[in-house]
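Here is a short briefing for a first look at this structure. Please look over the sequence and the model, then read on by topic.

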Amino acid sequence: MGFFEGKLNSLEDLFAEQLKDLYSAETQLVKALPQMAGEARDPRLRQAFEMHLQETQNQVARLEQIGRGLNISLDGHTCKAMQGLVAEGKETISEDAKDEVKDAALIAASQRIEHYEISGYGTARHFAERLGHSEAASLLAQTLQEEQFADTKLNDLAKGYINQRAM
């Protein structure tokens with residue numbers, strides 16, 4: 001049935017599917033971020049990836065907490081969108097490029113990932129609020145804020161000097 005694994009009869013069902021998708025996306029990122037950090041040549045960019053890996057591990061734990069609290073199994077779903085975004089990131093890593101250009105490309109790939117996550121967490125948080133799942137909404141809002149901060153940090157690095165060095 002595509003993205004959804006069963007019949008969606010309610011917003012509650014859709015919310016559960018969104019949580020599964022986010023969980024899959026984050027667990028894929030936990031595996032991909034160390035590679036991205038390892039390829040980053042700029043120390044501040046490497047540090048940003050390493051910091052976001054720690055945040056991502058905490059985000060996985062938050063999603064697991066939400067799943068337990070709402071009796072939703074998060075396993076068994078694969079976020080195909082994140083698979084594609086991670087594959088693009090791996091292509092970036094394998095490019096034969098000057099260090100400065102590769103750093104700029106890593107930021108571009110990472111920001112696509114961040115924007116996907118921002119969209120997903122914003123939607124899931126709204127669903128949680130609408131459904132009266134206040135604890136889940138609070139945890140999702142915390143993650144949304146972290147994703148927005150990560151995107152801003154990447155943007156600041158790119159605009160601040162990395163893109164200039166890549167010229």
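Helices here are DSSP runs (H or I, at least four residues), and strands are runs of E of at least two, all numbered from the N terminus. The model is predicted: local features need pLDDT of at least 70, side-chain atom pairs count only at pLDDT 80 or more, and totals for chains, interfaces and linings use all residues. Residues are numbered from 1 along each chain as its sequence is written, and side-chain values use heavy atoms, with hydrogens and water left out.

**Cavities**

- A cavity is a set of points on a 1 Å grid, over the protein atoms alone, where a 1.4 Å probe fits but cannot get out; its lining residues have an atom within 4 Å of a point.
- Grid points are joined across faces, edges and corners, and a volume is the space filled by probe spheres set on the points.
- Two cavities of 30 Å³ or more are counted.
- The largest cavity holds about 120 Å³ of space.
- Its lining has 15 residues, and Ala-48, His-52, Glu-114, Ala-150 and Leu-154 lie nearest the centre.
- Helix α2 gives the largest share of that lining, five residues.
- At least two lining residues come from each of α1, α2, α4 and α5.
- By class, this lining has ten nonpolar, two polar and three charged residues.
- In these classes, Ala, Val, Leu, Ile, Met, Phe, Trp, Tyr, Cys and Pro are nonpolar, Asp, Glu, Lys and Arg are charged, and the others, Gly among them, are polar.
- The second largest cavity has a volume of about 50 Å³.
- Residues lining the second largest cavity include Ala-32, Met-36, Val-86 and Ile-113.
- Helices α1 and α3 each give two or more residues to this second lining, and α3 supplies the largest share, four residues.

**Nonpolar cores**

- A nonpolar core is a set of buried Ala, Val, Leu, Ile, Met, Phe, Trp, Tyr and Cys residues joined through side-chain atoms within 4.5 Å.
- Buried means under 20% relative accessible area, exposed means over 50%, and partly exposed lies in between (1.4 Å probe, protein chains only).
- The largest core has 26 residues, and those with the most contacts inside it are Leu-45, Phe-49, Met-82, Ile-107, Leu-157 and Ile-162.
- Two or more residues of this core come from each of α1, α2, α3 (80-94), α4 (99-131) and α5 (134-165).
- The largest share, six residues, belongs to α1.
- A second, separate core has 19 residues, among them Tyr-23, Val-60, Leu-74 and Leu-139.
- In soluble globular proteins, nonpolar side chains tend to be buried together.

**Single residues**

- Contact means heavy atoms within 4.5 Å.
- A polar contact is a pair of N or O atoms within 3.5 Å; within protein, one must be able to donate a hydrogen and the other to accept it, and residues adjacent in sequence count only if both atoms are side-chain atoms.
- Ser-24 sits in helix α1 (residues 11-39) and is buried, at 5% relative accessible area.
- A polar atom of the Ser-24 side chain lies 3.4 Å from the backbone oxygen of His-77.
- Gln-59 is in helix α2 (residues 43-70) and is buried, at 1% relative accessibility.
- The side chains of Gln-59 and Glu-147 make a polar contact (3.4 Å).
- Beyond its neighbours within four places in sequence, Gln-59 is in contact with residues including Glu-26, His-52 and Tyr-121.
- Ala-16 lies in helix α1 and is buried, at 14% relative accessible area.
- Ala-16 and Ala-128 are 112 residues apart in sequence and 9.8 Å apart in space, C-alpha to C-alpha.

Definitions and conventions
On a 1 Å grid over the protein atoms alone, a cavity is a set of points where a 1.4 Å probe fits but cannot get out, and a pocket is an open set with protein on both sides within 12 Å along at least five of seven lines; lining residues have an atom within 4 Å of a point.
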